[in-house]
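I opened this notebook to record what I looked up in the structure and what I found. The entries run from the whole chain to single elements.

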Amino acid sequence: MRIITGTARGKNLKTLAGNELRPTGDKVKEAVFSVIQFDVEGKTVLDLFAGSGQLGLEALSRGASRAVFVDKNRAAHSVLRQNISNCGFDEQTQLIQTDAIAFLQSNRDKFSLVFLDPPYGVTRTGAAGGNALTLLEEALLLLPPILADDAIVVAEAPANQALPSVLGALRGREYRYGKVKVCVYRPINLLT
């Protein structure tokens with residue numbers, strides 16, 4: 001994995017060995033940033049379920065103003081801290097080691113670019129009023145209160161997982177890349 005373009009272009013990123021993380025593939029990452037390329041500069045980024053942090057780091061490299069990385073995995077935090085330093089973004093980042101859903105329930109900051117790439121198929125019983133939801137579904141339900149008015153949300157899921165077409169004041173557009181689906185949500189009032 002590497003940073004594709006911007007101030008940290010070409011920097012290699014570390015990831016955990018084994019199957020603990022499922023990083024977004026380079027082709028999918030390139031496609032996502034092609035879709036949002038004019039909407040990154042100056043944004044405040046939330047990289048939820050951050051793993052190696054490659055999506056948030058790519059956004060910083062492309063001109064995002066700051067990024068918050070959230071992941072509960074201690075080993076992922078170690079790798080992420082190294083990737084942040086390697087790219088030179090120590091001053092623009094905040095690294096939080098906690099459960100992503102707990103973060104969404106307690107956070108009061110607003111974000112203008114959010115990346116959601118949780119482990120596929122993981123469900124939590126008793127979530128959102130007793131229903132079993134995937135981590136992605138639960139995160140999408142909890143996300144609207146922390147979104148800035150001009151927010152863009154990028155959610156990655158298996159191609160066969162249904163995602164809502166509307167998220168608060170945002171409408172999603174799906175893109176498929178083999179076994180992966182990406183839904184990019186944008187403000188409804190800004191869509192043409």
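Entry 1, the chain. I note at the outset that the model is predicted. I counted six helices and 10 strands in the protein chain. I then looked up burial and found that 49% of the 192 residues count as buried. For the accessible surface I recorded about 9,200 Å², with 48% of it belonging to carbon and sulfur atoms. Among contacts with a separation of 6 or more, I found that 61% join residues 24 or more positions apart.

I traced an open sheet of eight strands with mixed pairing, in the order 3-2-1-4-7-10-9-8. Strand 3 (93–96) and strand 8 (166–167) each have a single partner strand at the edges, so one side of each lacks a neighbour in the sheet. I next examined strand 9 (residues 170–177) and strand 10 (residues 180–187), which run antiparallel and are joined by eight bridges. Within this pair, I located Arg176 opposite Lys181 of strand 10.

I found helix 3 (residues 74–87) lying across strand 2 (66–70) and strand 3, at about 175 degrees to strand 3. I then asked how many residues of helix 2 (residues 54–61) are buried. The count is eight of eight, and the helix is mostly covered. Among the buried residues I list Gln54, Glu58 and Ser61, together with Leu55, Leu57 and Leu60. Their cover includes helix 1 (26–36), strand 1 (44–48), helix 3 and strand 4 (111–116). Just after helix 2, I noted a positive phi of about 110 degrees at Gly63.

How values were computed: Residues are numbered from 1 along each chain as its sequence is written. This is a predicted model: local features need pLDDT of at least 70, side-chain atom pairs count only at pLDDT 80 or more; totals for chains, interfaces and linings use all residues. Side-chain values use heavy atoms; hydrogens and water are left out. Two strands pair if DSSP finds at least two bridges between them. Helices (H or I, at least four residues) and strands (E, at least two) are DSSP runs, numbered from the N terminus. Contact means heavy atoms within 4.5 Å. Axes are lines fitted to C-alpha atoms, for helices over the stretch in contact, and angles run from 0 to 180 degrees between N-to-C directions. Buried means under 20% relative accessible area, exposed over 50%, partly exposed in between (1.4 Å probe, protein chains only). Accessible areas come from the Shrake-Rupley method with a 1.4 Å probe; for residues, only the protein chains shown count as cover.
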